Amino acid sequence: MLPNNPAPLAHFTTFRIGGPARNLVIAHTEEDLVGAVHRGDLASTPVLVVSGGSNMLVSDDGFEGTVVVVATQGIEQQTTHENGIHLRVAAGEPWDRLVEHTIAQGWSGLEMLSGIPGLVGAAPVQNIGAYGAEIASVIHEVRVYDRHSGVIVNLSPDACGFGYRTSLFKQQRDQYVVLSVDLDLTASPLSQPVAYAELARHLGVDIGTQVPLADARQAVLALRRAKGMVLDPSDHDTWSAGSFFTNPIVSSAVAATLPEDAPRFPQPDRTVKTSAAWLIDHAGFHKGYALGGAALSSKHVLALTNTGHATAQDILRLARKIRDAVLTTYGIRLEPEPVLVGVSL
């Protein structure tokens, strides 16, 4: 632990934006993590837990409280039964390192989530997903510290409140701290069935086909790199929080008002998901569009990026301009995906 060291939070976020923390604790053990949060709560000090900082926009003024950076690591194989693999993974384990490890071991279930930045503890908070897969589908349970009761509890997937890019942990982010995540994977050299059309085209296979794990990973990484969605310090397109807006889910009546060529993905509850990227592009904002130090990625309009000297307010000004234009043009209000710390859209 390194307490009481003011530090710019830009060092701990993929946006590379954020003012200083009043106090900083780097928690290398679970005891450090729980203890730092508990002490802050006892002292009625605001506490911010940072788990990779890949889905966070922090105020230029920083955080007037204690920032706890999750740095716990470890991948433990709990049990093996038939073709099933049960893992317990520490919250501070880098997500893509875990994915790479499971593929090297011949374990299927995470390959479509390759290249997503951040740490394992943040994965259930956001219910990360990509290319037809979501982390919720392989979670066995999530072990958390409940700040309200002061105890450590294990929560089943049903108790986690998973939804599209959300969870109980995101909705009640001041109550729960993720300590570890238990995953149920499959011992198989083949991927889960390819469920995303773009990925199937890239692989040259039909929807529903299973491919070698390494092939699935490389295809996903190639697609993500082409969109600036794989972290690269030398590429300002990756100085972002990934997709800034979630894909809107609207009523069938609202979907019917969209232009004929607008993407439509019917949902089981009869709502319709459409593409935030399509809405942004067709509202007049194209790749590379810049405002101050912020810009849309030159590779993908859904990523708002730091061109090298952006402030949080630069990002927010661009986000507001896009949000308001889409609302005016299509009557759909885009919602931000990153957690906003000390700022609002």
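Helix H2 (residues 95-105) packs against helix H6 (residues 213-226) at an angle of about 155 degrees, and their axes lie 10 Å apart. H2 is therefore roughly antiparallel to H6 (an angle over 145 degrees). This is a predicted model, in which local features need pLDDT of at least 70 and side-chain atom pairs count only at pLDDT 80 or more, while totals for chains, interfaces and linings use all residues. Residues are numbered from 1 along each chain as its sequence is written, and side-chain values use heavy atoms, without hydrogens and water.

- Asp 96, Val 99, Glu 100 and Ile 103 of H2 meet Leu 213, Ala 214 and Arg 217 of H6 (contact means heavy atoms within 4.5 Å).
- By type, the residues of this contact are four nonpolar, no polar and three charged.

**Second largest pocket**
- Its lining has 17 residues, and Phe 12, Thr 13, Thr 14, Gly 52 and Leu 231 lie nearest the centre of the pocket (lining residues have an atom within 4 Å of a pocket grid point, on a 1 Å grid).
- The lining divides into eight nonpolar, seven polar and two charged residues.

Note on methods
Axes are lines fitted to C-alpha atoms, for helices over the stretch in contact, and angles run from 0 to 180 degrees between N-to-C directions. Helices (H or I, at least four residues) and strands (E, at least two) are DSSP runs, numbered from the N terminus. Angles under 35 degrees count as roughly parallel, over 145 as roughly antiparallel, 65 to 115 as roughly perpendicular and the rest as oblique. Ala, Val, Leu, Ile, Met, Phe, Trp, Tyr, Cys and Pro count as nonpolar, Asp, Glu, Lys and Arg as charged, and the others, Gly among them, as polar. On a 1 Å grid over the protein atoms alone, a cavity is a set of points where a 1.4 Å probe fits but cannot get out, and a pocket is an open set with protein on both sides within 12 Å along at least five of seven lines; lining residues have an atom within 4 Å of a point.
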